[in-house]
Protein chains: 2
Amino acid sequence: MGMDYSKIDQWILAEDSFDPVHLGKCEAVMSLGNGYMGLRSAAEERYVGETRDLLINGTFDRFDESEVTELPNAADVTAVELWVGGERFSLDQGSCTGYSRELNLKTGELTRRVEWTSPKGDKVGLVFRRIVSLKRLHDIALTVTVTCLEQPVALKVRSGIDARVTNTGTQHFTEGEKRFYEKKYLQLLETTIESGITFVVNAVHRFALNGQPLELDTDVNIDRRVLYADYTVDLKPGDCFTVEKYANVFTTRDLDCAGKTVAELQAQTLEDLKTSAALGYQALAEESAAQWQLEVWDRAPLDIQGDENSQFDLFALRFAQYHMRLMLPRHDNRMNIGAKGLSGEGYKGHCFWDTEIFLLPYYMFTDPEAARKLEEYRYLSLPGAHRKAKENGYRGAMFPWESAWLDDGETCPLYMGTDILTGTPIKVWSGIIEQHITADVAFGAWQYYAITGDQAFLDDYGYELIMDAAIFWASRLEKGEDGQYHINDVVGPDEYHEHVNDNAFTNYMAQWNLNKAIEYHDELKAERPELFQRLDEKLNLAEVYPQWVDGAAHIYLPQPTEENILPMDDRFMQGKEIDLTKYKEQDFVAGIMKDYNLEQIQGIQVCKQADCLVLFYLLEDEFPPEVKRASWAYYEARTLHDSSLSLSTHSVQAADMGELDMAYDLFRKAATIDLGPYMGTSDAGIHAASFGGVWQCAVYGFGGVRMLNGKLRIEPKLPKGWDKLQFTLMWQGQKLQVTATKENVVVENLTGTKPVTFTLNGTEIQA
Amino acid sequence: MGMDYSKIDQWILAEDSFDPVHLGKCEAVMSLGNGYMGLRSAAEERYVGETRDLLINGTFDRFDESEVTELPNAADVTAVELWVGGERFSLDQGSCTGYSRELNLKTGELTRRVEWTSPKGDKVGLVFRRIVSLKRLHDIALTVTVTCLEQPVALKVRSGIDARVTNTGTQHFTEGEKRFYEKKYLQLLETTIESGITFVVNAVHRFALNGQPLELDTDVNIDRRVLYADYTVDLKPGDCFTVEKYANVFTTRDLDCAGKTVAELQAQTLEDLKTSAALGYQALAEESAAQWQLEVWDRAPLDIQGDENSQFDLFALRFAQYHMRLMLPRHDNRMNIGAKGLSGEGYKGHCFWDTEIFLLPYYMFTDPEAARKLEEYRYLSLPGAHRKAKENGYRGAMFPWESAWLDDGETCPLYMGTDILTGTPIKVWSGIIEQHITADVAFGAWQYYAITGDQAFLDDYGYELIMDAAIFWASRLEKGEDGQYHINDVVGPDEYHEHVNDNAFTNYMAQWNLNKAIEYHDELKAERPELFQRLDEKLNLAEVYPQWVDGAAHIYLPQPTEENILPMDDRFMQGKEIDLTKYKEQDFVAGIMKDYNLEQIQGIQVCKQADCLVLFYLLEDEFPPEVKRASWAYYEARTLHDSSLSLSTHSVQAADMGELDMAYDLFRKAATIDLGPYMGTSDAGIHAASFGGVWQCAVYGFGGVRMLNGKLRIEPKLPKGWDKLQFTLMWQGQKLQVTATKENVVVENLTGTKPVTFTLNGTEIQA
């Protein structure tokens, strides 16, 4: 059993048999969505161990003071239970043949087929189809087709709206009104308990027998947190019965519902539902597929040609693109991207540095308008960053390690996992001392500007954000006995080492932030006095500027050893060396935590993930090749890649060094984090950042693309199995198409309204 | 598939095959408990549709203002999941032979046996045993024995404490501390969100292989609302592996934890767990079985001899006794009995008039000490009754229709079910206008005194309660244009008729209450001036007494028609007559609600349940036989028995009239409400009051026992199939044994410390 990769050339990810033990994998990797909502692909019938999630971006709620805010699991509309001759349809009962479940990346449609024989011997053919519309962001539609095979059967269908779902036991909703209109239209309201967001969920069914519409009478049932109806029909052999179910979800947090009363919302959303139902499933599916073509496949086309493996590689990239659209809140700048997208409850929908460092490059180079929204989110969430700074005794903007709603501030939970020695939960320090996030956010804002040339963004948001972050760093620096500034007691990107001093990534990035603020300060003061004055009033630049200058000049920066290795902090290289083979070979992550507790791991030369290697490609110019090479070799040997952010970083670096086999090997590993055969890896949701990483492996790594000091560099180096790599890049408003073969590189400006200057394999040219 | 009644002579209720569609039935009817806690018998492995409830009496909580208080579903300790050769053990997968699940009423032990072949072909024999200790009220213990058949298997066991359970989607708990002590003892804390009750749940596992203790190392896992461990063991053919799991539950509401800090509770309960685990499963099961013998079977022995059916009848009575012990909070007078006992979430753990009218007779006649506690509860909940009176513009004690914690007041939900015409939830009026409960409570207090002779109860609680209730009635009466007092706009016992005037049951019981208060007033004033003064100060008797006298004298009491039928209210007999055959024949209740909405039903001569027939046996002397007979015939034809309180009332009445075949037929129907073959009837829990009703059918009906005007009457009339009926009665502190055959009746005073006077078949005698 498992994944079937035989149809990847048709854009299809398939599961070729059903295993009730591994539900989470396909629920997550085959999830549907549109950035407004994410719908895990739990089956229409229920299973023990399923996670039936419908997450609406930005609707954060906190259950109580012992928890942090999270995306609440909205009422389910996808369950459609069937009884065939009195037996509940379920693939772990009776027997089935011809099973397939297919996600079509190109159209965003999920299809499941199976012939099922009930324990009593009744046989039916079943086809399930489902979409979340990319055209109508509030719409879900599905069909269930039952073909009666061999002997007559009585079929019962139970379907409705089920608000009994929870987030692993936590119920975020107060129950609201439940109604059946005209014995047909179901409406359920629920309101988040702390944030007070009201959800309106509607659903309606249509039926057809052998292609003819069928009216079915029913009993309607309203019970606690649930309303549903039972429909029964008798089928003769050869009969083909179809249930169409149309549903929509709106919330009072939606921008397109702003100013509406709940009553208005109830009436309007019911009308919307009627409109969608009248269009019918096929029309809805087609317009959604057209939107996928327009928004994703035409906007950011990719091609790879080469050996057999290369077609899997191309599929992996499209799979990444598919998911990066699912998770992207293109419709609203008040939200960002959770570490699991909208495909599961892991990390509670919170966004991390993952957005800036791993995902933004893809969006900036393919969909700058969407990338801007993600950056605007950071600006809009400055109040939370100010609060966090104050709470920790600092000034300026100290961005939350985990960010949720705009004014939530830090939402990192206090505990996670189990200490194997003490039997107690492990304290999570990241929310307090994983501080590099603030420089990462500033870096993201600058990067966005550098790639897009969006001066208005810089004026309205970027300058202020970068300077506000610099104010934090100036207040954060600690003067040491050596007269230099240190940043002590932090967690760097590598989370296996807590409470370290002078983490290289943190210190270099802090300096970068200070220097960028100084640069902008000087520039604006000289050239744009009005804007400068506005910022000065807001940020008190006269006071903070000297601190920036002092800080940037005297911050301690770890230097490479004689062996050219950059120490990631003041402690790591003195750690114990142990044999890591066992953990490197395990097909699950964090195996080392089962043998050592975190306190013990602190003393071992082992990394969870790329740390200063991320630095090498953000600030590529600051480190000579021999340092990068020696450090890569040193850290790769000691890194378990227990974070999904790690492999792609190592891959890009390897490609930069010309180690293409190694780069390709790491790329393949990164590409199979969610897509691969390991069935337990995606249970809590897909790995959002790793999708950005996979794209980076191809475009940054093998494509050799980089924004360096505001300039575009292209330097393709194709791996052995690839003959051709083609992709597009948005640069300063122009869409470039890069076609690289082993022999040559062609860069074409598809927009062509303005020439673009870039460096191609070391030579500056224009296109 | 279904229930197996072949072992009822061994006190065993058995299920002979497993049907995943009907889980609720056995979960409820085979539930375990001890009055402190009720544990539904969900299987060790999980199923779709299961309801895995552990309810601790009295721990009411309210999720938010949109809900009413209910018993929260405590963390589960019964799930023990097995993987056999990598396949999850579940009876809807693979194949099984030799299935049986047996509840032994005598010992309170649940046993399940099955031989299971996994989908891969691995074969194991499984035996599950489980108890909730009647000796140690906080203890749950279970064992799982796996015998390896045919070929070697790798077995994985996952077990822990799971606090992700909810009450149909509502989560009542804030997550608390979770700990593994010594990699072995699991402890989980959770606190109810509004009532702030902290639950401490502990568990530990012990293992044995072929009878030898086995230490198994494990990974411990702490996750959100859950902690668990995985244990693995390789079994050879013939190997027999046993998991013993010991668990306990304590709450800060427990009387035996009063004054303890949570930390003290954590430490003490862990010690208790170690003590229980050291004793071992067998010893715990034996001491619990001994307690069952002592507390139930020796205290209230019952015997029936006769034809084949009579043995089922005897079993049904024992089954009723079993459940009446499960639901009885013998340990604490601050709680009462929910309408579903502790066997499910139905009616949210709230108590109704069911306690006084249907259950108290059993407890008063067999376990007066426990009956007293139930009455004390009513006294302790007077503050809530006063609040309800004030909120509704009345005075005195207006008891809640649904009663939960002492100061919760009225907890009847506002809506329940669906109106089939409007598609909206149906408003529940009982909490506001089903007012007879106040007279029922007063009647219960008097009845308790009359049967037990417990004068101290009357002094401390009873007088005041009865008078306080009378104050309510005096304030409730409405003077009509006819100069008489009316009670308009009520719901009587029959809930199919709302907003009726002068419901016979209500008016007669109100008059009884007023008269009883007057009688006690006069008696105390004359004979016990000190007590009188105390009550006068509290209740202002000088003011209220004249109102009682006036009210009792001038209350309107519906009178029988010329046909000797007592009209149940001012409207019913004018209603439309329809053919009720369809609804009488349905194997589910409330079928009429699918064809008519409640407004329409108001105009039809149809009863959900016994209404004035209850009156006939509470106030038996007030109505001449011809009225009872004519009314019985009239109402029986029009009653759907859609309430479980109904059949037994009609049965007792039929027995009183000498209609023994009819009485027996109704008794059998009542006896099979939960015990019978209908698989959907008990999903939300057993029908607590109907168990009292079943006992009343036997002892009140066929035994002819009644307390009338404070005197004991015995007048047995055995049904055709019974040759002998033997039971005991506690009367004024003396335990009488009644042995009735068709030929004669022997009454023996087993206590014998004081002669008892009673009427036997019309003759006053002493024993």
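Predicted model: local features only at pLDDT ≥ 70, side-chain atom pairs only at ≥ 80, totals over all residues.
## The interface between the chains

Chain B and chain A bury about 3,500 Å² between them, and 50% of that area lies on carbon and sulfur atoms. On the side of chain B, the residues that lose the most area to chain A are Val48(B), Thr168(B) and Arg224(B), which together account for 19% of what that side buries. The contact draws 46 residues from chain B and 46 residues from chain A.

Three elements of chain B each give two or more residues to the side that touches chain A: β13 (173-181), β17 (219-223) and β21 (415-418). The largest share, six residues, comes from β13(B).

## Salt bridges across the interface

Side chains of opposite charge can pair when their charged atoms come close. Over all chains the structure holds 114 salt bridges, and the count between chain B and chain A is six. One of these is formed by Glu70(B) and Arg224(A), with the closest N and O atoms 2.4 Å apart.

Arg224(B) forms a salt bridge with Glu70(A), and here the closest N and O atoms are 2.4 Å apart. Arg224(B) lies in the loop between β17 and β18 (226-235) of chain B, while Glu70(A) lies in the loop between β5 and β6 of chain A, so the pair joins two chains. Arg224(B) has a relative accessible area of 13% and therefore counts as buried. Glu70(A) is also buried, with a relative accessible area of 0%.

## Salt bridges within a chain

Glu70(A) has a further partner in Lys348(A), the closest N and O atoms of this salt bridge being 3.9 Å apart. The pair links distant parts of the chain, 278 residues apart: Lys348(A) is in the loop between α4 and α5 of chain A, and Glu70(A) is in the loop between β5 (54-56) and β6 (80-84) of chain A. Both Lys348(A) and Glu70(A) are buried.

In chain B, Arg395(B) and Glu543(B) form a salt bridge with the closest N and O atoms 3.6 Å apart. Arg395(B) lies in the loop between α7 (382-391) and β21 of chain B and Glu543(B) in helix α13 (residues 541-554) of chain B, so this pair ties together parts that are 148 residues apart in sequence. Arg395(B) is partly exposed, at 36% relative accessibility, and Glu543(B) is partly exposed, at 41%. Separately, salt bridges that share partners join Glu67(A), Glu70(A), Lys348(A), Arg224(B) and Arg225(B) into one network.

## Surroundings of His172(B)

His172(B) is located in the loop between β12 (153-162) and β13 of chain B. With a relative accessible area of 0%, His172(B) is buried. Its side chain makes a polar contact of 2.6 Å with the side chain of Glu70(B) and a polar contact of 2.8 Å with that of Asp61(B). His172(B) and Glu70(B) are 102 residues apart along the chain, and their C-alpha atoms are separated by 9.2 Å.

Beyond residues up to four places away in sequence, His172(B) touches Arg224(A) as well as residues of chain B, including Arg62(B), Phe63(B), Pro72(B) and Asn167(B).

## Two covered helices of chain A

Helix α4 (residues 308-326) of chain A has 19 residues and reaches 28 Å from its first C-alpha to its last, close to the 27 Å expected at 1.5 Å a residue. Because 16 of the 19 residues are buried, α4(A) is largely enclosed by the rest of the structure. At the start of α4(A), a side-chain oxygen of Asp307(A) reaches to within 3.2 Å of the backbone nitrogen of Asn309(A).

α6(A) is mostly covered, with 10 of its 13 residues buried; among them are Arg372(A), Glu375(A), Glu376(A) and Arg378(A). The buried residues of α6(A) pack against α5 (354-366), α7 (382-391), α9 (437-452), α10 (455-476), α12 (529-539) and β27 (722-731) of chain A.

## Surroundings of Ser631(A)

Ser631(A) sits in helix α17 (residues 625-638) of chain A and counts as buried, at 0% relative accessibility. A polar atom of its side chain lies 3.4 Å from the backbone oxygen of Asn564(A). Leaving aside neighbours within four places in sequence, the contacts of Ser631(A) also include Ile565(A), Leu566(A), Leu613(A) and Phe616(A).

Key: Residues numbered from 1 in each chain as written. Chains lettered and ligands numbered in written order. Heavy atoms only, no water. Contact = heavy atoms within 4.5 Å. Buried area = accessible area lost by both parts, 1.4 Å probe. Salt bridge = Lys/Arg side-chain N within 4 Å of Asp/Glu carboxyl O. Helix = DSSP H or I, 4+ residues; strand = E, 2+ residues; numbered from the N terminus. Buried < 20%, exposed > 50% of the residue type's maximum accessible area, 1.4 Å probe, protein only. Polar contact = N/O pair within 3.5 Å; in protein donor to acceptor, adjacent residues only side chain to side chain. Expected span 1.5 Å × (residues − 1).
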